[in-house]
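Hi,

Here is the structure I promised to pass on to you. Have a look at it first, and then read my notes below.

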Amino acid sequence: MSPEVAQFVPLIVITPLLAAMAWNDLKNLRISNKLVLIMLAAFVLSAPVFLSFHETVYRAVFGVGVFVVGFLGFTLRLWGGGDVKAIAALTLFVPSYFLLLFFYTFTMSMVVGMLFVITSRSIIGFPECRWLALRPKASYPMGVSIAMSGVLLPMVAMGLG
């Protein structure tokens, strides 16, 4: 396996968790702590196999930094707590030299996710909708964009997207 592909294996492996995150956030406007903890466990278990010690430390430091900034945003009511934990956990899976590409991918995922939610609300959203994120005045389910950026990053980075 090439080193370029190996660095994305942990991220590719958590794709079902990312899909569950998006699904749960659309349905319940919540990101499960269990999903975030499973992501953290996947990182801890996969890092010694796929990452150098320095890369592991760099990602951990960056993940903590994202959590601290996110926590500040949470206290200012800019983001939900689940969103903060999920994006911090996801950044652990982003190779350090692809961070800028990740930010671009996340931004693109935000735009696409918002268009998806707005369109879905206009087509099937109604006040009693079982999918809480599709109700007319619901908040935006950030888990959709977080998950989408995690799924798209390896494809974009390796030229598959």
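The buried residues of helix α6 (residues 81–91) are covered by elements that include α2 (9–13), α3 (15–28), α4, α5 (53–75), α7 (99–124) and α8 (142–157). Helices here are DSSP runs of H or I with at least four residues, numbered from the N terminus. Please keep in mind that this is a predicted model, where local features need pLDDT of at least 70, side-chain atom pairs count only at pLDDT 80 or more, and totals for chains, interfaces and linings use all residues. Residues are numbered from 1 along each chain as its sequence is written, and side-chain values use heavy atoms, leaving out hydrogens and water.

How many residues of α6 are buried? The count is 9 of its 11, where buried means under 20% relative accessible area, exposed over 50% and partly exposed in between (1.4 Å probe, protein chains only). Among them are V84, I87 and L90. G81, also in α6, is partly exposed, with a relative accessible area of 25%.

Now for a neighbour of α6. The axes (lines fitted to C-alpha atoms over the stretch in contact, with angles from 0 to 180 degrees between N-to-C directions) of α4 (residues 33–50) and α6 come within 9 Å and cross at roughly 15°. That makes the two helices roughly parallel, a term for angles under 35 degrees. In α4, N33, V36, M39 and L40 meet K85, A86, A89 and L90 of α6, with contact meaning heavy atoms within 4.5 Å.

Enjoy exploring!

Methods. Angles under 35 degrees count as roughly parallel, over 145 as roughly antiparallel, 65 to 115 as roughly perpendicular and the rest as oblique.
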